[in-house]
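Welcome! Here is a short tour of how two protein chains meet. Take a look at the model first.

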Protein chains: 2
Amino acid sequence: MIDALEKTLKFNADGLIPAIAQQHDTGEVLMMAWMNRDAIRETLDTGIVCYWTRSRQKLWRKGETSGHVQTLVDFRVDCDGDTLLLLVDQKGVACHTGRHNCFFRSVREGDLETIADVEIDPESMYGDKK
Amino acid sequence: MIDALEKTLKFNADGLIPAIAQQHDTGEVLMMAWMNRDAIRETLDTGIVCYWTRSRQKLWRKGETSGHVQTLVDFRVDCDGDTLLLLVDQKGVACHTGRHNCFFRSVREGDLETIADVEIDPESMYGDKK
């Protein structure tokens, strides 16, 4: 990792830092995930966003299965050095539900309402359809 | 807290959930902070965003000192229920450095570059200037 980042970033006790992914041209907030040092290195080296999955405890090359990769446009760090903002170009959809972004539920009139449609059938993204 | 949220949200071991604040009309990502159940309740009840500060371990009514409050426009939840996206109307600036948002450093040509100017002198926001 470049020196300036190594000095600035504050990882949590698990060696992780949250990363917000934002579509670079529309401003749409796509998702939030976590990165460790290796994920950051790979992302900066390849220009394709790689996270760390806490559930599977490994590097998560987003889009490796679905093809819905995120190309890095800008890599930003916040004032405290404990959150990242990745400006990306999202291919396809960001959410595993097949919606364009993960924030598709909203508090409306005292309930949680779904405010975005599924764009791509998740089975066609991950399944073994024949 | 409303039932639908209580059933959906996944708090971490400290009872916290990350919340991204985005300016509702421009799409600018302003900051990321943490909320607990009380912060969420207060935010939904009052319409003014309240976080939990991990360093001071108390409710953080953002803008209480500086006047730079965030009025809630929309309260969104992600697919996993473990991240919030708050669409807000930011008064003044979001960052304690006096910049409009907290993500003012970017990796450019192998270094970390400051890409946004200070808009408001932090001392005038928090200090005891006479």
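Two strands pair if DSSP finds at least two bridges between them, and strands (E, at least two residues) and helices (H or I, at least four) are DSSP runs numbered from the N terminus. With that in hand, β5(A) and strand β7 (residues 105-108) of chain B run antiparallel, joined by 2 bridges. Val77(A) has Arg105(B) as its bridge partner in β7(B).

This is a predicted model, in which local features need pLDDT of at least 70 and side-chain atom pairs pLDDT 80 or more, while totals for chains, interfaces and linings use all residues. Residues are numbered from 1 along each chain as its sequence is written, chains are lettered from A in the order in which they are written, and side-chain values use heavy atoms, without hydrogens and water.

Now for the interface as a whole. Contact means heavy atoms within 4.5 Å, and buried area is the accessible area (1.4 Å probe) that two parts lose on being put together, summed over both.

| Chain A with chain B | Value |
|---|---|
| Residues in contact | 39 residues of chain A, 39 residues of chain B |
| Buried area | about 3,000 Å² |
| Salt bridges | 4 salt bridges |

Of the buried area, 65% lies on carbon and sulfur atoms. Cys79(A), Phe103(A) and Arg105(A) supply 21% of what chain A buries against chain B, more than any other three residues.

A salt bridge puts a side-chain nitrogen of Lys or Arg within 4 Å of a carboxyl oxygen of Asp or Glu. Arg54(A) and Asp82(B) form one, with their closest N and O atoms 3.2 Å apart.
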